[in-house]
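Open the model in your viewer and keep the selection tool handy. We will go from one stop to the next, with a note at each on what to select and what is there.

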Amino acid sequence: MPETAASDSGPVFRLIYRSRSRIGGAERQRVLGEIFTVARSSNKKLGVTGALLITDDEFVQTLEGPEPAVRELYTKIYKDKRHEHLELLESGDVFRRVFGRWAM
């Protein structure tokens with residue numbers, strides 16, 4: 001994977017959440033493609049890295065980066081109508097990034 005602008009060394013803020021997907025099957029591939037395209041570009045600019053796991057009806061995502069950027073991104077996700085039943089699983093400062101080279 002291409003390296004992001006984010007450094008994978010040093011302390012960082014990490015947030016992990018899960019949510020239920022509201023994306024219908026017929027539009028799933030198109031909508032997920034749009035999400036990936038936008039997220040990769042904007043997350044790189046924000047210095048946010050992470051990983052996204054998608055099942056048929058759930059998202060689980062880890063976001064790592066500067067705390068204000070990660071919290072703002074989570075707020076946008078929380079308001080996004082493609083998600084429901086968001087649950088914050090964990091948040092806080094960690095020693096270093098786990099997903100330093102991942103844009104999602």
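A contact here means heavy atoms within 4.5 Å. Helices (H or I, at least four residues) and strands (E, at least two) are DSSP runs, numbered from the N terminus. This is a predicted model, in which local features need pLDDT of at least 70 and side-chain atom pairs count only at pLDDT 80 or more, while totals for chains, interfaces and linings use all residues. Residues are numbered from 1 along each chain as its sequence is written, and side-chain values use heavy atoms, with hydrogens and water left out.

**Stop 1: helix 2**

Select residues 67–79, which make up helix 2. This helix has 13 residues and reaches 18 Å from its first C-alpha to its last, close to the 18 Å expected at 1.5 Å a residue; the expected span is 1.5 Å times one less than the number of residues.

Now colour Ala69, Val70, Leu73, Tyr74 and Ile77, the buried residues of helix 2. Buried means under 20% relative accessible area, exposed over 50%, and partly exposed in between (1.4 Å probe, protein chains only). Look down the helix axis: these buried residues fall within an arc of 130°, so they line one face of the helix. The arc is that of the directions from the helix axis to the C-beta atoms.

What covers that buried set? Show strand 1, helix 1 (28–46), strand 3 (58–65) and strand 4 (83–94), which are included in the cover. Then turn to the face directed away from the buried side, where you will find the exposed residues Pro68, Lys76, Tyr78 and Lys79.

**Stop 2: the tyrosine cluster**

Select Tyr17, Tyr74 and Tyr78, which ring pairs link into a cluster. Rings of Phe, Tyr and Trp (its six-membered ring) pair if their centres lie within 6.5 Å; planes under 30 degrees apart count as stacked, over 60 as edge-to-face and the rest as tilted. By this rule there are 2 aromatic pairs.

Begin with Tyr17 and Tyr74: their ring centres are 5.7 Å apart and their planes are at 55°, so the pair is tilted. Tyr17 lies in strand 1 (residues 12–21) and Tyr74 in helix 2, so this pair ties together parts that are 57 residues apart in sequence. Is each of them buried or exposed? Tyr17 is buried, with a relative accessible area of 1%, and Tyr74 counts as buried at 13%.

Next, move along to Tyr74 and Tyr78, a tilted pair with 6.3 Å centre to centre and 55° between the planes. These two are 4 residues apart in helix 2, separated by about one helical turn. Tyr78 is exposed, with a relative accessible area of 54%.

**Stop 3: the largest pocket**

Select Ile35, Ala39, Leu73, Ile77 and Arg82, which lie nearest the centre of the largest pocket among its 18 lining residues. Helix 1 gives the most to this lining, with 7 residues.

A pocket is found on a 1 Å grid over the protein atoms alone, as an open set of points where a 1.4 Å probe fits, with protein on both sides within 12 Å along at least five of seven lines; lining residues have an atom within 4 Å of a point.

**Stop 4: two last residues**

Pick His85, found in strand 4. Its phi is near 55°, a positive value in a residue other than glycine.

Finish at Phe99, in the segment after strand 4. Not counting residues up to four places away in sequence, Phe99 touches Thr49, Gly50, Ala51, Thr62 and Glu64.
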